[in-house]
Amino acid sequence: MFHVSFRYIFGIPPLILVLLPVASSDCDIEGKDGKEYQNVLMISIDELLDSMIEIDSNCLNNESNFFKKHSCDDNKEPMFLYRAARKLKQFLKMNISEDFNLHLSRVSQGTLKLLNCTIKVKGRKPPSLGEAQPTKNLEENKSLKEHKKQNDLCFLKILLQKIKTCWNKILRDAKEH
Amino acid sequence: MTILSIAFGTVFYLLQVVSGESGYAQNGDFEDAELDDYSFSCYSQLEVDGSQHLLSCAFEDPDVNSTNLEFEICGALLEVNCLNFSKLQETYFVKTKKFLLIGDSKICVKLGGKHITCRKMNIVKRVKPEAPFDIRVIYREEANDFVVTFNTSHLQKKYVKDLMHEVAYRQEKNENDWMHVNLSSTKLTLLQRKLQPDAMYEIKVRSIPNTNYFEGIWSEWSPSFHFRTPETTIGEMDPVLLIISIVSFFSVALMVILACVLWKKRIKPIVWPSLPDHKKTLEQLCKKPKKNLNVSFNPESFLDCQIHKVDGIQAKDEAEGFLQDTFPPQLDDSEKQRLGGGVQGHNWPSQHEVITPKTFRGDSPLGCLAGNVSVCDAPVLASSRSPDCREGGKNGPQVYQGLLLGTGTTNSTLPPSFPFQSGILTLNPAVQGQPLLTYLGSSQEEAYVTMSSFYQNQ
């Protein structure tokens, strides 16, 4: 009789705790009518994509780990947008241009504001972007830097496209319901 | 008890004094009754200078001493938390690209670093578009209208692109009589007939955001444009059109007059021909013609006529002899005796004796014998011929022409009238044969001719 009760005490609650994050979302999307996205965010995303038009979308040789871990699946759209918006902040360090950074900030900050998420993500050191290894000589550093910059821009372009696609999916689902 | 009451009174008094002190809010901000004096209003202008936006604020009370007052905006900004306003005369403004354009911002009035009053505001809901410009009015003579066009800088902007425009126009002499037209495009057509001719007009336009996200207030009015409407005189018609209209009017009038004049005589018989009435026709045929009717038994009225008395027996013999030469010998004496008529003409003296006058039967057309020639015509013609014996004399030979022709000839041109003065000409149908037929034919033709001629005269 005790082992039966133990099963219920120690078996089911952990199961619930594990399943809850999957079923529920900590993000509440405020802009489901699409006004903020269509009049502000989409303009900035298009401006950024236009500035990276010379970069091919198939520039990534292998799929990034980020996209392997996070995707805009059903019921996972807010979480994907949340993580993507946070990822965008890392590219502010590239300092491509003032307008570029402003549009990037607008997309990131505007998305986070609309998602209104309550998730507390553990702080971890963001991966470095375009940092050269000091042991190698300058020329190799430059080329590596350039190569990494291109890779980063490629990743950024794909990330912006996926953000746009995910927003469109959210708005489409909102219209259907 | 007294001490106690005094103590309570002091406490209450102190409480009242303390509570009477103006505004000690929970958040520590200084708020007093003078807050209403620092009320302000703001508006934003997006992309006013390239990609830079402008936010302008001003106190609603113009008497506010704004010497040491400052404005600050916090929230809904990119890369920074707050921005300070700049001051230009009595207006505070901030020009930046760092507006997030999503969510509310807080704008506060500061005095010495301390917030005096704050207000929550969404920048995208207080957008004031730029005033339209380059308004023009072009008159189209062929369309009789005025085309109003203007330009706005928002056509090239990214955020506030859709605007509602208001065009206002008035006649310059009517100061407050403005007409308003709302439109979403930058082109307007005004019909000439809705404007006064030969008048000066003033026109201007302003805009307001017309999107589902950006809202705001009316822009400033554009600079006015003045134009004069042309004189629309009725006499300035196309001369060709005028001539055509006059000619057509007179043509119609002439046709109406002619129709009225010629209606009875010409038009009505063609349009509504009268059908012949057989009874009337018959009466007309057989009635005595009043014209040229001169019936008289006074011998003196026949002085002009050559009357030859005929000896009955001799005439009969000679007639028999004559008739035997011309007709087959079937003619009876009775028939011969009944031959009569106008014996005229000196060419036929012998025949004069043959033919005997018979009684005048002009009054009774029913007296015509069957199978014989209808002699209804005879009395008619005879009576018509009586006053004109000379003509009858000339036609004397023609009397027998029918008889003579009756022997063999078929083509005969018969006179249209009998030369007989009186009497009945009856012929035996057996004797006559061909002559009778021709005679009948001639009289029938004459009858038809008479009928048709009478019908035509009708």
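# Disulfides, a helical chain and an interface

By the distance rule, 4 disulfides are found over all chains. A disulfide is a covalent bond between the sulfur atoms of two cysteines. The model is predicted.

Start in chain A. Here Cys72(A) is joined to Cys166(A) by a disulfide, with 1.9 Å from S to S. The torsion about the S-S bond of Cys72(A) and Cys166(A) is about 80°, so this disulfide is right-handed. Now look at where the two ends sit. Cys72(A) is in the loop between helix 3 (65-69) and helix 4 (77-88) of chain A, while Cys166(A) is in helix 6 (residues 138-176) of chain A. The bond therefore ties together parts that are 94 residues apart in sequence. Are these cysteines buried or exposed? Both Cys72(A) and Cys166(A) are buried.

Step back to the whole of chain A. The chain has 6 helices and 0 strands. Read from the N terminus, its elements run α-α-α-α-α-α. Chain A has 177 residues, and 37% of them count as buried. How far apart in sequence are the residues that touch? Take the contacts in chain A between residues at least 6 apart in sequence: 83% of them join residues at least 24 apart.

Move to chain B. A disulfide links Cys42(B) and Cys57(B), and the S to S distance is 1.8 Å. The torsion about the S-S bond of this pair is about 110°, so the disulfide is right-handed. Cys42(B) belongs to strand 1 (residues 40-49) of chain B, and Cys57(B) belongs to strand 2 (residues 52-59) of chain B. The two cysteines are 15 residues apart. Burial counts as under 20% relative accessible area. Cys42(B) has 2% relative accessibility, so Cys42(B) counts as buried. Cys57(B) has 1%, so Cys57(B) counts as buried.

Another disulfide in chain B joins Cys74(B) to Cys82(B), with S to S at 1.9 Å. The torsion about the S-S bond of Cys74(B) and Cys82(B) is about 110°, so this disulfide is right-handed. What about the accessibility of its two ends? Cys74(B) counts as buried because its relative accessibility is 16%. Cys82(B) has a relative accessible area of 33%, so Cys82(B) is partly exposed. One more cysteine of chain B deserves a look. Cys260(B) has 61% relative accessibility, so Cys260(B) counts as exposed.

Finally, turn to the place where the chains meet. Chain B puts 17 residues into the contact, and chain A puts in 19 residues. Between them, chain B and chain A bury about 1600 Å². Of that area, 62% is on carbon and sulfur atoms.

How many salt bridges cross the interface of chain B and chain A? The rule finds 1 salt bridge there. Its partners are Asp99(A) and Lys97(B), whose closest N and O atoms are 3.0 Å apart. On the side of chain B that touches chain A, the residues divide by class into 9 nonpolar, 4 polar and 4 charged. Polar contacts also run between the chains. There are 5 residue pairs in polar contact between chain B and chain A, counting pairs with both residues at pLDDT 80 or more.

Definitions and conventions. Residues numbered from 1 in each chain as written. Chains lettered and ligands numbered in written order. Predicted model: local features only at pLDDT ≥ 70, side-chain atom pairs only at ≥ 80, totals over all residues. Heavy atoms only, no water. Contact = heavy atoms within 4.5 Å. Buried area = accessible area lost by both parts, 1.4 Å probe. Salt bridge = Lys/Arg side-chain N within 4 Å of Asp/Glu carboxyl O. Polar contact = N/O pair within 3.5 Å; in protein donor to acceptor, adjacent residues only side chain to side chain. Nonpolar A, V, L, I, M, F, W, Y, C, P; charged D, E, K, R; others polar. Disulfide = S-S within 2.5 Å. Helix = DSSP H or I, 4+ residues; strand = E, 2+ residues; numbered from the N terminus. Buried < 20%, exposed > 50% of the residue type's maximum accessible area, 1.4 Å probe, protein only.
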